Each structure stands twice: as C-alpha cells, then as structure tokens.
Amino acid sequence: MVNVDVHVNYVHAQWSSRWVFVLAATGSAVGLGNIWKFPYMVGQGGGGAFVLVYLICIVLIGIPIMMSEVLLGRRARRSPVNTMRLLAQDEGASPAWQFVGWLGMATGFLILSFYSVVAGWTLAYVFRTASGLFAMENPERIKALFGVFVTDPQQVLAWHTLFMMMTTIIVARGVRAGLERAVKFMMPVLFILLLALVFYSMGSGGFDAGFEFLFHTDFNKLTPAVILGAMGQAFFSLSLGMGAILIYGSYLPQQSSIAGSTFMIVIADTVIALLAGLAVFPIVFANGLEPGAGPALIFETLPIAFGQMPGGLFWGTLFFVLLVFAAWTSAISLIEPAVAWLTETRGLGRVISAVLTGGLAWLLGILTIMSFSDWAFSFRFLGVEKTNGFFDIFDLLTTNITLPLGGILIALFAGWKIQRDHSREELTLRSHAGFEMWLFLTRFVSPVLVGVLLFYLLFGHYFNA
Ligand code: PHE
C-alpha cells in the first residue's frame with residue numbers, strides 16, 4: 001500500500017533535460033579517479049590483471065548498482081537519507097535502511113577531504129606548467145619538483161583551500177545555476193585533449209610497452225589487495241555506493257530512460273580511464289620511470305611529455321585546467337547528498353549548507369596534507385606497505401570498504417525491498433528480458449560478488465593461515 005506520496009518533489013529543482021543528467025552524472029564519474037587514480041592503481045596493481053578485474057566489476061556490479069541508485073533517487077526525489085527512509089516506509093521495510101544514507105554522507109566527507117587536496121595539486125600544476133617550469137626538464141628533476149611541492153604543507157593548504165571554495169560556491173548556487181552550467185562544456189574538451197595526449201604517447205617510443213602493461217593479464221598478480229583495489233576502483237570511478245548518483249537521479253525528469261543513461265555514463269567513464277592509462281604508461285616506459293610510483297604518478301610523468309612536445313606549454317596548461325574542471329564536477333557531487341539533506345531536514349538554505357559541509361571536508365583535508373609531510377606514517381594493509389598515513393587510511397576505508405558496503409546495501413534494497421512492479425515502473429525498460437536481467441544482477445550477482453570479495457579479501461587470511 002502506498003501511504004506516502006513519494007512522487008512529488010517539494011524541495012529541489014530538476015535537471016532541464018535527461019541530457020543534463022547524463023552530463024552531470026558523467027561529470028561526477030569522470031574525475032581524478034580516472035586520470036589520477038586509475039593509472040597509479042594499475043601501476044601498483046601489476047597492470048592488466050588489475051584492469052581485467054576492474055572491467056568485470058564495471059559490467060557486473062557497476063551497471064546494475066548505478067541503475068539502482070538512479071531508480072531510488074528518482075522515486076523519492078530526496079537526499080539519500082530521506083530517500084531511504086521514505087522508500088522503506090512506503091515498501092514496509094525497516095527504517096534502519098536510512099543508515100545507507102548516513103554511511104554515504106560520511107563517505108562523501110572523507111573522500112572529498114583528500115580529493116580536494118589532490119585537486120589542489122592539480123590547480124598548482126596549471127600554474128607551474130604555464131610558467132614553463134617543466135620545459136625541457138629531465139625526468140629526475142620533474143620528479144624532484146613534485147617531491148618538494150607536496151611536502152610543503154603551506155603551499156598545498158593554499159591550493160586545497162582555493163579548490164574547496166570553488167566547490168562550495170558551485171554547490172551553493174544550486175542544481176540549475178551551479179551544477180548544470182559547470183558540466184556542459186568541460187566534458188567534451190577534456191575528452192579531446194586526452195585523445196591528443198594518447199597521440200603524443202604513441203610517438204614516445206614506449207607505446208608498445210605501455211599497451212602491453214595495461215592489457216596483458218598476468219594472473220599471478222591477482223593478489224587480494226589487487227582484486228579488492230580493482231573492485232573498489234570500479235565504485236570510486238563510477239561514483240557509486242555513497243549516494244552521489246542517487247541524488248543526481250533524484251533531479252532526473254520523470255520520463256527519462258534510466259538504463260540508456262546509465263550505459264552512456266559507464267561507457268564514457270571507462271573509456272576515459274583507459275585513455276588516461278594509454279597516455280600515461282608509454283611515457284613511464286619511454287623514460288624508464290617506475291609504474292608503481294603511487295599518487296605522484298601523473299604529476300611525475302605528464303609534465304615530461306608537456307616539457308618536450310611542441311606547444312607543450314599550451315597543451316599542458318590546458319590539460320591541467322581541464323583536470324581541475326573534471327575534479328570540480330566530481331567534488332560537487334560528493335557533498336551534494338549532505339547539502340540536500342541539510343536543506344530538507346534542517347531547513348537551512350543552500351548557501352549555509354554548502355559552507356558547513358565544505359568547511360568540514362576542508363578541515364579533514366588537513367590530515368591528508370600532513371600525510372605527505374610531517375605526519376606521514378606507514379602501515380601494512382593486505383600485505384602492502386602504505387606510507388601516507390591518514391591519506392591512505394581515508395582512501396582505503398572509503399574505496400575498499402564503505403563504497404562497496406554501501407553498494408551492497410543499495411542493491412539489496414532496490415532488488416529485494418522495492419516491489420517488482422514499482423522498480424519495473426520506475427525503470428521503464430521496454431524489454432522484459434532487460435528488466436529481468438537487471439533484477440537478477442541486482443538481487444544476486446552484485447551483492448553476492450561484492451559481499452564475498454569484501455569478506456574473503458579482508459578476513460580470508462584468518463581462515464587459511
Ligand atoms: N568518480 C569520481 C572520480 O572518479 C570520484 C567520486 C567518488 C565522486 C564517489 C563522487 C562519489 O573522480
């Protein structure tokens with residue numbers, strides 16, 4: 001029995017069309033995760049083995065869970081916390097489901113805290129590239145320049161602060177004026193520039209080695225840390241498991257196709273990650289660099305290419321500008337769930353809500369900044385040495401644990417708690433087989449796969465020690 005009017009949107013605006021939703025969700029998905037994180041995770045995770053697990057996760061887990069998030073959001077048209085609360089009430093499920101929304105908000109803060117720091121590095125690299133710092137420099141020196149920069153907390157803090165202010169301003173302006181305008185032109189340009197970089201890499205002399213590294217699967221490299229990392233990266237890169245896609249779905253006009261939009265977002269995100277890999281690794285191998293360099297990887301490799309190519313000053317600057325934009329359109333989606341919740345439940349305006357949430361993430365970000373200098377400490381996770389203290393903790397906790405956990409819960413809720421007729425009606429899938437396929441993946445495949453992997457990889461060593 002439907003006793004709550006879940007279809008009426010009282011609080012928030014809507015996207016002006018389905019295309020804007022696709023752009024915005026692509027803007028959320030495509031970001032530092034594709035261009036900064038994917039290459040260095042591949043580099044640390046032994047190349048093709050990581051990529052294979054990643055691609056399998058995108059198809060079997062990413063697509064059904066993304067459809068589920070959009071479905072839930074559009075049905076309730078509220079922040080993740082209230083969406084889960086209302087739908088649970090509507091479907092006669094436990095109110096405890098709203099925990100998913102809380103977990104997502106907490107995850108969003110943690111991710112944004114380090115995301116903004118890395119986006120700050122990117123901002124700094126716009127100006128460093130434009131100033132000609134990297135022109136004709138050798139790889140050793142480019143690496144050293146990054147090392148000096150990242151261990152200087154005051155400088156990094158300034159860039160982190162600037163980026164967080166940029167994010168807060170856009171979020172404060174709201175769905176139409178802020179989010180929508182920001183994404184419309186940036187995505188296509190970024191794509192073209194990446195293609196140009198791949199083109200450059202093809203002539204760098206390392207293309208074959210880079211290609212081989214990305215696509216040749218060595219199954220011996222499939223360690224627990226690599227598998228968990230690849231699954232987590234699928235969630236991170238698609239912005240899944242914390243409510244970002246759910247809240248964007250809640251602004252989606254009623255008649256738009258959820259499946260079609262999801263495919264476009266997923267394809268764009270995957271292609272851009274692979275292109276980033278094809279741009280970075282040839283440069284790594286052509287210059288005898290270390291693929292496992294970690295978070296520093298793109299800041300140590302791409303400036304080499306820009307320093308050498310004709311017009312590199314211009315292209316390099318433009319590239320980092322676009323990467324800032326890509327990060328920006330992702331960052332806004334990380335706090336949008338919390339902002340929407342504050343405006344709905346606390347009656348606060350968007351401006352105050354954005355400042356409060358941005359401020360909290362900014363404060364947390366200081367822990368990441370210090371992780372690269374004075375407060376660095378190391379620990380082991382699944383047998384892998386981690387050296388950047390709080391940054392690594394926040395990253396592992398979100399990417400490898402809370403996003404997949406949120407994803408499982410979202411799939412279980414959409415698959416088992418929402419009545420079939422309701423999900424069918426919301427998804428508006430024309431084909432019956434398509435709907436059954438989604439239901440099967442959502443009910444069984446993704447929660448079981450993620451659940452088993454999560455449990456086994458985190459706790460497995462207690463059993464077969
Ligand atoms: N998907 C974004 C990226 O790849 C990061 C992100 C994660 C954004 C989770 C929102 C939610 O850069």
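This is a predicted model: local features need pLDDT of at least 70, side-chain atom pairs count only at pLDDT 80 or more; totals for chains, interfaces and linings use all residues.

**Pocket, cavities and ligand**

Mentor: Start with the largest pocket, where α17 gives the largest share of the lining, 6 residues. Numbering runs from 1 along each chain, and side-chain values use heavy atoms, without hydrogens or water.

Stay with that pocket. Its volume is about 490 Å³. A pocket is an open set of points on a 1 Å grid over the protein atoms alone, with protein on both sides within 12 Å along at least five of seven lines; lining residues have an atom within 4 Å of a point. Here 26 residues form the lining. Nearest the centre of the pocket are Met-41, Gln-44, Val-384, Glu-385 and Lys-386. Besides α17 (389-417), the elements that supply at least two residues each are α2, α11 and β2 (384-386). By class, the pocket lining holds 12 nonpolar, 9 polar and 5 charged residues. Gly counts as polar here, and Tyr and Cys as nonpolar.

The whole structure has 2 cavities of 30 Å³ or more. A cavity is a set of points where a 1.4 Å probe fits but cannot get out. The largest cavity has a volume of about 130 Å³. It is lined by 19 residues, and Ser-28, Tyr-115, Phe-236, Ser-239 and Leu-334 are the closest to its centre. Two or more lining residues come from each of α1, α2, α5 (99-130), α11 and α15. The lining of the largest cavity has 11 nonpolar residues, 8 polar ones and no charged ones.

Where is the ligand? The space it takes is this largest cavity. A molecule sits in a cavity if more than half of its atoms lie within 2 Å of the grid points. The elements that give two or more residues to the shell around the ligand are α1 (18-29), α2 (32-44), α11 (224-237) and α15 (312-345). In all, 15 residues surround the ligand (a heavy atom within 4 Å), and the closest are Ala-29, Gly-33, Tyr-115, Phe-236 and Ser-239. The shell divides into 7 nonpolar, 8 polar and no charged residues.

Backbone atoms reach the ligand too. For Ala-29, a backbone N or O atom lies 2.9 Å from a ligand oxygen atom. For Gly-33, a backbone N or O atom is 2.8 Å from a ligand oxygen atom. Taken alone, the ligand exposes 320 Å², and the protein buries 100% of that (areas by Shrake-Rupley, 1.4 Å probe).

One more space remains. The second largest cavity has a volume of about 40 Å³. Its lining is Pro-80, Met-84, Val-100, Gly-101, Gly-241, Met-242, Gly-243, Leu-246 and Ile-410. By class, the second largest cavity is lined by 6 nonpolar, 3 polar and no charged residues.

Conventions
A polar contact is a pair of N or O atoms within 3.5 Å; within protein, one must be able to donate a hydrogen and the other to accept it, and residues adjacent in sequence count only if both atoms are side-chain atoms. Helices (H or I, at least four residues) and strands (E, at least two) are DSSP runs, numbered from the N terminus. Grid points are joined across faces, edges and corners, and a volume is the space filled by probe spheres set on the points.
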